[in-house]
Each structure stands twice: as structure tokens, then as C-alpha cells.
Amino acid sequence: MKSETLQRSAAALCVTGDVPNALSLDLAQLEALPHHALGPIDIACMTGRPVAHVDRYAGVRLTDVLDATGLAQLHRSELKRCIVVASGRDGYQALFSWCELYNSPIGAQALILFERNGEPLDDHLGPLALISAADTHLGPRHLRHLDGLAVRRL
Ligand SMILES: Nc1nc2c(c(=O)[nH]1)N[C@H]1C(S)=C(S)[C@@H](COP(=O)(O)O)O[C@H]1N2
Ligand SMILES: [Mo]
């Protein structure tokens, strides 16, 4: 088996924290969720430094993955106090609030990515990455090597 194939099949995303059912999803389980695509987009750091131009990204909604943990069973008063911490293999973190994901235009464009221009993500980005494509500067929440989501109720 080629190493890229091996890495793709081993890709796992753990969803933990204050959720009714913690999950670990492999790539096949993620790919079974409804697919969403976006692009073309320009990714830039907060400083304005250009990072990348991407014609097409595809993946699944962060909210669809969170819903698979039964998150919606929490009472609304608790959900409004939840944040979602996405982490990369290097410890880099990107944060979302439940309100922005479920009650703002951010949610529809917050994707867990596994495909760029019709191909698996390259070694710099993946196997899994995350983007919040409705942000002003896309760099900070364009998280490479996504490996975990943790829900924290404040
Ligand atoms: N895993 C991970 N993803 C990350 C970062 C990081 O340090 N680690 N930095 C973020 C920031 S602030 C920017 S601007 C871009 C930089 O992209 P590059 O590392 O491809 O230049 O990646 C984002 N995603
Ligand atoms: Mo950045």
C-alpha cells in the first residue's frame, strides 16, 4: 500500500468533551456525510500575507459532525455556553462558539476538508483540514492537519 493511501485510510478525527456521545471518525465515515464545496478562495494571514489561492475545496460541515455526537440533546441554555476547539497535530487550535456555528452565516461555511481540486489533501494540509470560509481573513481558522474537536461548556 502506498504511504499516502495508508495515511488517508488511517485519518481519524476524535470528537470529545461535553457531548452526549464522543466519536472517532475515519475518513470513510466522514465521507459518508453530505459533501459541501467552496471556492475559488484566497487564504491570507491576519497580517495580510497571502497564504494560498484554492479553486475548490470539498468536505463536510463541522455542524454535521457535531450533530453526530448528539450535541443537540443539550438544553439550549447549555448550548449557548459551548465552544468548539478544533486542534491540529502540532497543537494549533481554532475556536468556534455554538452560536456562530448554529446561528450565524459562519456555520454553513465551516467545513472539515478532505479534498482540494478533486484530489486528496497534500502532506502540507492533511489528510484532514478545517476552514471557516466566511471569515474576513481565512488564515487563522484554516487549520492544517486537523485531528480533534473538543466541545467545552463554559
Ligand atoms: N496546524 C496548523 N494550522 C495552521 C497554523 C498552524 O500554526 N498550525 N497557522 C494558521 C495561520 S495563522 C495561518 S496564516 C496559516 C498559514 O499557512 P501556512 O502555514 O501554509 O503558511 O495556517 C493556519 N493554519
Ligand atoms: Mo496567520
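**Sheet architecture and ligand surroundings in a predicted model**

In strand 12, Val15 has Leu149 as its bridge partner; helices (H or I, at least four residues) and strands (E, at least two) are DSSP runs, numbered from the N terminus. This pair belongs to the contact between strand 1 and strand 12, which run parallel and are joined by 4 bridges; two strands are taken to pair if DSSP finds at least two bridges between them. The model is predicted, so that local features need pLDDT of at least 70 and side-chain atom pairs count only at pLDDT 80 or more, whereas totals for chains, interfaces and linings use all residues. Residues are numbered from 1 along each chain as its sequence is written, chains are lettered from A and ligands numbered from 1 in the order in which they are written, and side-chain values use heavy atoms, with hydrogens and water left out.

Strand 1 (residues 12-17) also runs antiparallel to strand 2, to which 4 bridges join it. On strand 12 (residues 146-153), an antiparallel pairing with strand 7 (residues 82-88) extends over 7 bridges. There, Val84 stands opposite Val151 of strand 12.

These strands form part of an open sheet of 5 strands, in the order 2-1-12-7-8 and with mixed pairing. Strand 2 (23-26) and strand 8 (93-97) are at the edges with a single partner strand each, so one side of each is left without a neighbour in the sheet. Neighbouring strands of this sheet are turned by 15° against each other on average, direction ignored; the axes are lines fitted to C-alpha atoms, for helices over the stretch in contact, and angles run from 0 to 180 degrees between N-to-C directions.

Ligand 1 is surrounded by Cys45, Arg49, Val51, Asp90, Tyr92, His124, Gly139, Pro140, His142, Leu143 and Arg144, a residue being near a molecule or strand if one of its heavy atoms lies within 4 Å of it. A nitrogen atom of ligand 1 is 2.8 Å from an N or O atom in the Asp90 side chain, and a nitrogen atom of the ligand is 2.6 Å from a polar backbone atom of His142. An oxygen atom of ligand 1 lies 2.8 Å from an N or O atom in the side chain of Arg144. Taken alone, ligand 1 exposes 520 Å², of which the protein buries 78%; accessible areas come from the Shrake-Rupley method with a 1.4 Å probe, and for residues only the protein chains shown count as cover.

Two features of the backbone concern loops. Most residues other than glycine have a negative phi, and most peptide bonds are trans. Gly39 and Pro40 are joined by a cis peptide bond, with omega about 0°; Pro40 lies in the loop between strand 3 (35-38) and strand 4 (41-44). Asn117, although not a glycine, has a positive phi of about 50°, and is found in the loop between strand 9 (110-116) and strand 10 (119-120).

Definitions and conventions. Polar contact = N/O pair within 3.5 Å; in protein donor to acceptor, adjacent residues only side chain to side chain.
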